[in-house]
Amino acid sequence: MNKELNAYLNSISKGIICPHKDKKELIDRIKNSVLDLIDENPDITFDEVTSTIGTAEDLIKSYNQANIEYIKKKFTFIKFLYASILLVGIIATILMFILL
């Protein structure tokens with residue numbers, strides 16, 4: 001079950017969008033919840049764990065929907081950064097043609 005748990009946690013970690021510190025705390029909480037559930041039910045299968053706690057996709061979707069404002073800010077900043085880099089490139093190209 002360790003391989004399944006690690007794959008489950010890695011999938012969640014890759015899918016959620018949040019600061020690294022928050023992501024680490026969330027993954028730790030999910031891992032502890034899974035381990036507690038396994039301790040309480042030693043014969044439980046991993047499919048039963050995910051049906052109780054939620055699939056990786058369900059958790060990713062729920063978390064990202066709850067943090068939509070953070071995601072909007074992050075992608076707005078990234079768009080701004082790309083636009084700024086593009087603008088600097090255009091200005092540099094224009095200056096290069098003017099000066100040559």
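**Helix packing around α1**

Helices α1 and α4 pack at about 30°, with axes 9 Å apart. Axes are lines fitted to C-alpha atoms over the stretch in contact, and angles run from 0 to 180 degrees between N-to-C directions. Helices are DSSP runs (H or I, at least four residues), numbered from the N terminus. The two are therefore roughly parallel (angles under 35 degrees). The model is predicted: local features need pLDDT of at least 70, side-chain atom pairs count only at pLDDT 80 or more, and totals for chains, interfaces and linings use all residues. Residues are numbered from 1 along each chain as its sequence is written, and side-chain values use heavy atoms, without hydrogens and water.

In this contact (heavy atoms within 4.5 Å), Tyr-8, Ser-11, Ile-12 and Gly-15 of α1 meet Ala-56, Leu-59, Ile-60 and Asn-64 of α4. By class, five are nonpolar, three polar and none charged.

Now α2. Helix α1 (residues 2–15) packs against α2 (residues 20–40) at about 150°, with axes 10 Å apart. That makes α1 roughly antiparallel to α2 (angles over 145 degrees). From α1, Leu-5, Tyr-8, Leu-9, Ile-12 and Ser-13 meet Lys-23, Ile-27, Ile-30, Lys-31, Val-34 and Leu-35 in α2. This contact has eight nonpolar, one polar and two charged residues.

The largest nonpolar core has 18 residues. Such a core joins buried nonpolar residues through side-chain atoms within 4.5 Å; buried means under 20% relative accessible area with a 1.4 Å probe, protein chains only. Tyr-8, Ile-12, Ile-16, Ile-30, Val-34 and Val-49 touch the most other members. Helix α2 gives the most to this core, six residues.

Definitions and conventions. Angles under 35 degrees count as roughly parallel, over 145 as roughly antiparallel, 65 to 115 as roughly perpendicular and the rest as oblique. Ala, Val, Leu, Ile, Met, Phe, Trp, Tyr, Cys and Pro count as nonpolar, Asp, Glu, Lys and Arg as charged, and the others, Gly among them, as polar. Buried means under 20% relative accessible area, exposed over 50%, partly exposed in between (1.4 Å probe, protein chains only).
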